Amino acid sequence: MQILRTCAEMRDFSRANPSRTGFVPTMGYLHEGHGTLIQQARAENDRVVVSIFVNPAQFNDPADFEKYPIDLDRDFDMLRRGGVDAVFCPRTSEVYPAGVPTLKLRYDDLMSELCGRYRHGHFEGVLLIVHNLLLWVNPSRAYFGLKDFQQYVLVKHMVRDLSLTVEIVGCEIIRESDGLAMSSRNVRLSAEGRAKASGIYQALIRARDAYRRGLDPVSVRGELLAALVGFDMEYGEVVDVDTLRQPEEFEREFGAYRAAVACYIDGVRLIDNILFES
Ligand code: PAF
């Protein structure tokens, strides 16, 4: 596995390896969820590139950035075992040589919903880094976990609107045995917080069951929030997957919806969501 530290090295690698590359962008502290994205990328492409970069531009809370777990040696071991061809792990000064740019890639509508309503500037930071990573890595396909569903939707819009030639692949959420969505942040939970966190998935299932029983959007959201009483909530929403807004009514034959949650446990921000299949 090649370890690439500069954007020039990354570009040279892409030019020297023009066949189909699958790309998995990450912020490191890898877990099984990332492992699944890497496996899928390996199965569908000739080579796999993973990036590890904790992007300061997407942290609206400096304390969250400071506490973000980092263990590159552990990550490199996992990537070697996963058969990754190259890992791109640039320094911040390499990515932002003139400091974090003030350039904003922004969707006013989609970024005003869900996480975007609370994490000001977060998605602008995400789109900028994803855009630049796609230019440096030049992959055929890039893989994103659907736990960050809003991120996936925004990246797809950006790729379409800027005519980037990459296919964005959304990959199912990987869960612990009690249903908690895997996240690099889970290591910061206390034992008690970790036990409570499994309630998020239970609440999402309760909302999906309510949808399946034929309840309307307001009532389904009511079920979701009722299951999360006692949680330090940021939001609990039931949204159309295209607009990210709560629909007036469910269009059960053709529509697709998700219940989505963001809450804090032990001061750790956790997000999760579930698809309501038609
Ligand atoms: O999902 C993440 O880990 C990050 O937002 C990403 C896509 C690597 C951009 O920094």
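This is a predicted model: local features need pLDDT of at least 70, side-chain atom pairs count only at pLDDT 80 or more; totals for chains, interfaces and linings use all residues.
Hi everyone, thanks for coming.

Let me begin with the overall picture. The protein chain contains ten helices and nine strands. How does the radius of gyration fit with a compact globule? For 278 residues, such a globule would come out near 19 Å, and the protein chain has 19 Å, so the two agree.

Where does it sit? In the largest cavity. Around the ligand we find Pro25, Thr26 and Met27, then Gln58, then Ile129 and Val130, and finally Phe144 and Gln151. Two elements each supply at least two residues of this shell: strand 2, residues 21-26, and helix 7, residues 122-137.

Two glutamines deserve a look if you have the viewer open. Gln58 has a polar side-chain atom 2.6 Å from an oxygen atom of the ligand. For Gln151, an N or O atom in the side chain is 2.7 Å from an oxygen atom of the ligand. And how much of the ligand does the protein cover? On its own, the ligand has 290 Å² of accessible area, and the protein covers 88% of that.

Tyr29 is not a glycine, yet its phi is positive, near 50 degrees. You will find Tyr29 in the loop between strand 2 and helix 2, the helix spanning 32-44. Ser163, also not a glycine, has a positive phi of about 55 degrees. Ser163 belongs to the loop that runs between helix 8 (149-161) and strand 6 (167-171).

That's my tour, and I'm happy to take questions.

How values were computed:
Residues are numbered from 1 along each chain as its sequence is written. Side-chain values use heavy atoms; hydrogens and water are left out. A residue is near a molecule or strand if one of its heavy atoms lies within 4 Å of it. A polar contact is a pair of N or O atoms within 3.5 Å; within protein, one must be able to donate a hydrogen and the other to accept it, and residues adjacent in sequence count only if both atoms are side-chain atoms. Accessible areas come from the Shrake-Rupley method with a 1.4 Å probe; for residues, only the protein chains shown count as cover. On a 1 Å grid over the protein atoms alone, a cavity is a set of points where a 1.4 Å probe fits but cannot get out, and a pocket is an open set with protein on both sides within 12 Å along at least five of seven lines; lining residues have an atom within 4 Å of a point. A molecule sits in a cavity or pocket if more than half of its atoms lie within 2 Å of its grid points. Helices (H or I, at least four residues) and strands (E, at least two) are DSSP runs, numbered from the N terminus. The radius of gyration is taken over C-alpha atoms; the globule rule is 2.2 Å times the number of residues to the power 0.38.
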